[in-house]
Amino acid sequence: MKKQMLLIAMLLCLLACSIPPSSSRATAPGMLDTTFVTALDDRGCRAYWVFFNSRVSRDPSTEEILGLARSTPPEVWARRVRAGGIALPDERDRPLYEPFVRQVAEIGRLRHISRWLNAVSVSLSPADLPRIASLPFVAKIRPVAIATVASIGPEWDDLGRPLERTIRSIDGTPRDPSALALSAAPQSLADGRDPGLDYGPSQGQLEEISVPAVHEMGYSGNRVLMMMIDTGFRKDHEAFAETDFLAEWDFVFGDGNVQNEPEDDENQHNHGTGCWGTAGGYAPGNLIGPGYGATFALSKTEDIRSETRVEEDYYVAALEWADSLGVVLTSASLCYVCFDCGFCYEYEDKDGDTAVISIALDIAAERGILCVNAQGNYGCYMGSLGTPADADSMIAVGAVDSLGEIASFSACGPTYDGRIKPEVVARGRHTYWADAGGTNTYGHASGTSLSTPLVAGAAALLLEAHPEWGPMDAREALMQTADRAGAPDNQYGWGRINTEAALNWMPVQFPVPFSLVEPADSALVLTFAPTFIWRASEDPDSGAPLEYAIWIEDVEDPVNSCSIAAGSDTLLTLPFFLEPEKTYQWQVTVDDIAGNRRFSRETFTFLTGGAADVPETGEPDRQTDTAATRLRIHCAPNPFQETLHFQVEAPGNFSSGDALRWTVYDPLGRRVASGLARAGGDGRCLAAWNGKAAGGKQVSPGIYYLETRSGARFARQTIVRLPQ
């Protein structure tokens, strides 16, 4: 009690005194870290992190484990496996201990809840601090870092040229004469490149890092889920008209709209729009980003209306949201160095383990997310990099010009603990980007903000080609194949990346991407037994034959779905009728001889016509087949430790002796085990899996997927193997 009273007295004394100078590094014992002090908001409150000293949570029940396994996107578990972890829910997947959160919320206003940090960010008044500090479960209180200068560094380079924004003259035309020449240069088709990829003025920045050669191989970042973390985004810009877009969240206003809103500064979305376009825009003749085929999630974490431009709890919240969505790659052109009240991170803070945001990036890497972040525009002197570029399990990106010479504004390493930074560089001077000033405007800009999305987009190509790679694999590939890998330093890191060489750093194992042809997307199909056509894939590893399967799903009733094996052909006529006036989705999977699976680039929809739309002679003589109805699987126990027993039922039951093929896949889509069962006299199929792979070796604990198939009927069930 005496110690607690002393602590409260110290806190009151601190609040009554002026803010200590940045040289004062004292921390109130076990509680308030005074290093980072933030400005008061309009309610007289400041934002603080409140860290809990325990999670006080019982071991999860089997029901909770199975619930998390089923409710979490499969991409999350795949990501964990690629990162070398186990695909099982852990403490960071589970909610914080609710009584702790509730008691803090009764004192202050909650901002964000961090499962990763076992902490909450909360707005507190000076009078609230002693009350929070007295709670027995509070380990530490630390103000949320809020930057008061541009988050990426100075807005002008050493020659007085603007950074992080389009280079324009007063009348709105490009200032740099070379920009006009680049814009006017036609795309040459004489080199054999696909004429559909007319890079326009963005060609140079992509050729410098060997991206067009990878595009020609058929890679575009397809089915790679990538998150942009930035100021906001002009989604109606033509560069994103064909972009595959998953989700968006505005962490500043707490809503689902990252486009400018009435409360925003009119320039709020400029930076984010430009960076997104550089990474994944697609406007042939103007701008094509390296990862133009990726699927994007957008996080708005900056507020430029005042000097408080970046708040670290927004960034951490965005990373945790990325984790829950299944994001595998993030691109953030943001840094922290200086904060309000004159505080700046000192060199000893840039060790990868001090800034909350740097700690969060390392957690993201542990969970399989590759984080790409700008090095900062602070100029080159020892340790000038910003945070979280000091984190050790991510890619910090510096800037060079078109000739590969380092830009004067590009910040340098090393980190305080002696690690080389940046990891790599790409063009960050006069980089072509999407200009948010209009829906079809473009321009040049400079800064490490521009080199960062180029590297992130290139990483998307690697992760598409190598679905088995974790974040450290892609990071290592980019570093070890860069042009200064033999002699890395703290200006260039390992050098300018070579995307083609990085892709070939290890042999490609999975079948190459392929596309759907017919029925076209949104087509009206005037037959109830349509013919499906798709492009051929190939096995780059062995050249062995591939096995395709069509997946068809009733959009209104997903349970009414089917999967039909197509063998090695790329054309299949449905062997039964679909229902009239229904909307269906279809996609194709391809498996190689080793069991590696890739999905088609697209998922198309089509509409079946009514009975009057179908020509009388247009249908074969066959019945509408209830085989398009999903099988039902009952597993016991699930989760399991030694043997999984399962029973499969079919609508109307199986006929005695009917064959059922079952297959177990891991989260990466690799076949683990398979078997054959036959129906008994009761119309059911009974089978079991002993938890062993085809070679007889026990598989690791984790989440797997059991697929059962009989003709066109199939079912898929999430199963969990627990540690023994």
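**Questions on a predicted model**

Trainee: Is S522 buried or exposed in this structure?
Mentor: The model is a predicted one. The relative accessible area of S522 is 57%. A residue counts as exposed when that value is over 50%, so S522 is exposed.

Trainee: Where is S522 found, and what is its phi?
Mentor: S522 is found in the loop between β18 and β19. Most residues other than glycine have a negative phi. S522 is not a glycine, yet its phi is positive, at about 70°.

Trainee: R223 has a positive phi; what is its relative accessible area?
Mentor: R223 is placed in the loop between α8 (211-216) and β6 (225-230). Its phi is near 65°, a positive value in a residue other than glycine. R223 is partly exposed, the class between under 20% and over 50%, because its relative accessible area is 40%.

Trainee: How many helices and strands does the protein have, and what percentage of its residues is buried?
Mentor: The secondary structure comprises 14 helices and 33 strands. The protein has 724 residues. The buried percentage is 58%.

Trainee: What percentage of the contacts with a separation of 6 or more involves residues 24 or more positions apart?
Mentor: The question concerns contacts in the protein between residues with a separation of 6 or more. Among these, the residues 24 or more positions apart account for 73%.

Trainee: What percentage of the accessible surface belongs to carbon and sulfur atoms?
Mentor: The accessible surface of the protein comes to about 28,100 Å². The percentage that belongs to carbon and sulfur atoms is 52%.

Trainee: What span does helix α10 reach from its first C-alpha to its last?
Mentor: Helix α10 covers residues 312-325, which are 14 residues. At 1.5 Å a residue, a span of 20 Å is expected. The helix is close to that value, for it reaches 20 Å.

Trainee: How many of the 14 residues of α10 are buried, and which residue follows the helix?
Mentor: In α10, 13 of the 14 residues are buried, so the helix is largely enclosed by the rest of the structure. The residue after α10 has a positive phi, near 95°. That residue is G326.

Trainee: Are α10 and α11 roughly parallel or roughly perpendicular to each other?
Mentor: The axes of α10 and helix α11 (residues 356-366) come within 9 Å and cross at roughly 5°. Angles under 35 degrees count as roughly parallel. The two helices, α10 and α11, are therefore roughly parallel.

Trainee: Which residues of α10 and α11 make the contact?
Mentor: By class, this contact has seven nonpolar, no polar and one charged residues. From α10 come E312, Y315, V316 and L319. From α11 come V356, I357, A360 and L361.

Trainee: Are α3 and α10 roughly parallel or roughly perpendicular to each other?
Mentor: The axes of helix α3 (residues 74-82) and α10 come within 7 Å and cross at roughly 105°. Angles of 65 to 115 degrees count as roughly perpendicular. The helices α3 and α10 are therefore roughly perpendicular.

Trainee: Which residues of α3 and α10 make their contact?
Mentor: By class, the contact of α3 with α10 has three nonpolar, one polar and three charged residues. On α3 they are V76, R79 and R80. On α10 they are A322, D323, S324 and L325.

Trainee: How many of the eleven residues of helix α9 are buried?
Mentor: Helix α9 covers residues 270-280. The buried residues include H271, C275 and W276.

Trainee: T718 lies in strand β33; what is its relative accessibility?
Mentor: Strand β33 covers residues 713-721. Beyond four places away in sequence, T718 touches residues including L66, N638 and Y704. T718 counts as buried, because its relative accessibility is 13%.

Definitions and conventions: Residues are numbered from 1 along each chain as its sequence is written. This is a predicted model: local features need pLDDT of at least 70, side-chain atom pairs count only at pLDDT 80 or more; totals for chains, interfaces and linings use all residues. Side-chain values use heavy atoms; hydrogens and water are left out. Helices (H or I, at least four residues) and strands (E, at least two) are DSSP runs, numbered from the N terminus. The expected span of a helix is 1.5 Å times one less than its number of residues. Buried means under 20% relative accessible area, exposed over 50%, partly exposed in between (1.4 Å probe, protein chains only). Axes are lines fitted to C-alpha atoms, for helices over the stretch in contact, and angles run from 0 to 180 degrees between N-to-C directions. Angles under 35 degrees count as roughly parallel, over 145 as roughly antiparallel, 65 to 115 as roughly perpendicular and the rest as oblique. Contact means heavy atoms within 4.5 Å. Ala, Val, Leu, Ile, Met, Phe, Trp, Tyr, Cys and Pro count as nonpolar, Asp, Glu, Lys and Arg as charged, and the others, Gly among them, as polar. Accessible areas come from the Shrake-Rupley method with a 1.4 Å probe; for residues, only the protein chains shown count as cover.
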